[in-house]
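Dear colleague,

I am handing over the structure below, and my notes on what was found in it follow. Please read them with the structure open beside you.

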Amino acid sequence: MPLVIGTDEAGYAPNLGPLVVGATAWRVPHWDFDFYTELAEQVHVEIDADDPRLVIADSKVAYRSGGSIDRLEAAVLSLLSTYAKLPLRITELLQHICGSGNFTIPAWYSWPDARIPLSTKPESLRHHSRKLNDGFGSKSVRLERIAARLVFPKEFNELLAVHGNKASVLTAITLQLVGDLVDRHEDDCLIVCDRHGGRARYAPLLQQFLTDEWPRVVEESSTCSRYSWSDEDRAFEARFVVNGESFLPTAAASMTAKYLREVMMQGWNAYWLRHDADLQPTAGYPGDAKRFLRDVAPIIQRLGIGTDSIWRSK
């Protein structure tokens with residue numbers, strides 16, 4: 001069975017908080033497997049309170065800033081529970097999805113290690129997990145892994161100095177994450193990523209991170225950049241698509257990235273509020289991020305925290 005990987009990010013624009021790149025890896029009968037059609041009894045993309053199915057959609061559809069993370073959490077944890085025992089705490093979740101050796105959480109994101117789920121009812125997760133497993137079994141598809149990479153501002157700034165621009169940083173992080181997933185398997189692989197900023201050409205970075213050969217350019221248009229290559233007996237195709245979240249594995253990656261970022265930003269705001277209970281929390285986006293940085297400046301100075309450790313330069 002070929003492998004299909006979808007990727008997306010959350011936190012590309014903000015100055016505060018981590019950039020999170022998510023990925024989901026699936027076994028499918030064939031590359032053209034239509035997830036939303038084949039799994040229509042279990043999942044959908046519309047926000048409808050009367051629809052009992054699990055929402056798996058672009059995180060910008062499933063979540064609004066300042067709102068409940070219920071839909072994000074329901075999707076991520078229900079999907080995760082189809083192939084792994086559900087972690088009981090946030091640190092366990094991060095270790096499972098991000099890998100215990102791949103990141104260190106700075107102190108100003110730390111908070112009491114809350115139990116999960118944070119917002120979703122456990123019985124709802126159990127219901128969706130059972131439904132998903134039934135659908136996966138009937139359609140010969142399975143979720144192999146949910147993975148993510150958390151990049152905090154200090155590392156982001158260092159990567160920016162190496163790669164020169166945000167789009168290249170995002171592509172490098174994404175393809176490193178994809179490479180880790182690809183190395184676990186020996187079958188043909190389709191990779192679908194939401195497009196990275198305005199970048200239209202990805203061949204050099206694909207060669208740097210995923211193949212020793214120069215990939216064949218199938219298409220480089222305003223809406224899709226598509227490449228193919230082979231590695232011994234394996235065939236690969238990578239697509240960088242505008243609105244890539246219309247592909248379920250990419251939508252699931254989008255929800256994963258956004259869920260983890262929102263969890264981390266809850267920890268971020270909790271940390272600073274412990275030092276000043278009158279602070280107004282922030283989501284970290286430009287404009288409000290500058291306001292927040294001004295508000296916490298006395299705390300930063302008192303604690304001896306370098307601005308480059310908490311502020312992304314772009």
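**Notes on the model**

Strand β5 (residues 142-151) is mostly covered, since eight of its ten residues are buried, where buried means under 20% relative accessible area, exposed over 50% and partly exposed in between, with a 1.4 Å probe and protein chains only. This is a predicted model, in which local features need pLDDT of at least 70 and side-chain atom pairs count only at pLDDT 80 or more, while totals for chains, interfaces and linings use all residues. Residues are numbered from 1 along each chain as its sequence is written, and side-chain values use heavy atoms, leaving out hydrogens and water.

Strand β2 (residues 19-27) runs antiparallel to β5 and is joined to it by nine bridges, and within this pairing (DSSP finds at least two bridges between paired strands) Ala23 stands opposite Ala147 in β5. Helices (H or I, at least four residues) and strands (E, at least two) are DSSP runs, numbered from the N terminus.

Turning to the helices, the axes of α9 (residues 248-275) and α10 (residues 288-303) come within 11 Å and cross at roughly 65°; axes are lines fitted to C-alpha atoms, for helices over the stretch in contact, with angles from 0 to 180 degrees between N-to-C directions.

Finally, Ser129 is found in helix α5 (residues 122-139) and is buried, with a relative accessible area of 11%. Leaving aside residues up to four places away in sequence, Ser129 touches Ser78, Ser81 and Thr82, contact meaning heavy atoms within 4.5 Å.

With best wishes
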